[in-house]
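These are my notebook entries on a single protein chain. I record what I looked up, entry by entry.

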Amino acid sequence: MLQNHIISNLYDYVTGVEVGLSSNGRKNRGGHQMENLVESYLKKSNVEYY
């Protein structure tokens, strides 16, 4: 991959910058936390949800 210039910077590739892993790893963490928070309030209030 380096020989064919598919990867231009090995450091960026390893750290995930070129392949987009650095941001996607944390992408939906806040969404899951909000789902859990809302679900706890719904359970306390005995609200039916899907």
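Entry on conventions. I note that this is a predicted model, in which local features need pLDDT of at least 70 and side-chain atom pairs count only at pLDDT 80 or more, while totals for chains, interfaces and linings use all residues. Residues are numbered from 1 along each chain as its sequence is written, and side-chain values use heavy atoms, with hydrogens and water left out.

Entry on confidence overall. I read a mean pLDDT of 76 for the protein, with 72% of its residues at 70 or more.

Entry on secondary structure. I listed 3 helices and 0 strands, in the order α-α-α along the sequence. The assignments are DSSP runs numbered from the N terminus (helices: H or I, at least four residues; strands: E, at least two).

Entry on surface. Areas come from the Shrake-Rupley method with a 1.4 Å probe; for residues, only the protein chains shown count as cover. Of the 50 residues, 4% count as buried, where buried means under 20% relative accessible area, exposed over 50%, and partly exposed in between.

Entry on the nonpolar patch. I found M1, L2, I6, L10, Y13 and V14 forming a nonpolar surface patch of about 600 Å². Patch members have over 30% relative accessible area and no salt bridge; like charges are joined within 9 Å, and nonpolar side chains (Val, Leu, Ile, Met, Phe, Trp, Tyr) within 5 Å. I6 lies in the segment before α1 (10-15) and counts as exposed because its relative accessibility is 58%.

Entry on salt bridges. I counted 1 salt bridge, defined as a side-chain nitrogen of Lys or Arg within 4 Å of a carboxyl oxygen of Asp or Glu. K43 pairs with E39, their closest N and O atoms being 3.9 Å apart. Both residues belong to helix α3 (residues 29-44), 4 residues apart, about one turn of the helix. K43 is exposed at 53% relative accessibility, whereas E39 is partly exposed at 28%.

Entry on backbone. I noted N46 in the segment after α3, with phi near 55 degrees, a positive value in a residue other than glycine. N46 is exposed, since its relative accessible area is 71%.

Note on methods
Buried means under 20% relative accessible area, exposed over 50%, partly exposed in between (1.4 Å probe, protein chains only). pLDDT is the predictor's confidence in each residue, from 0 to 100.
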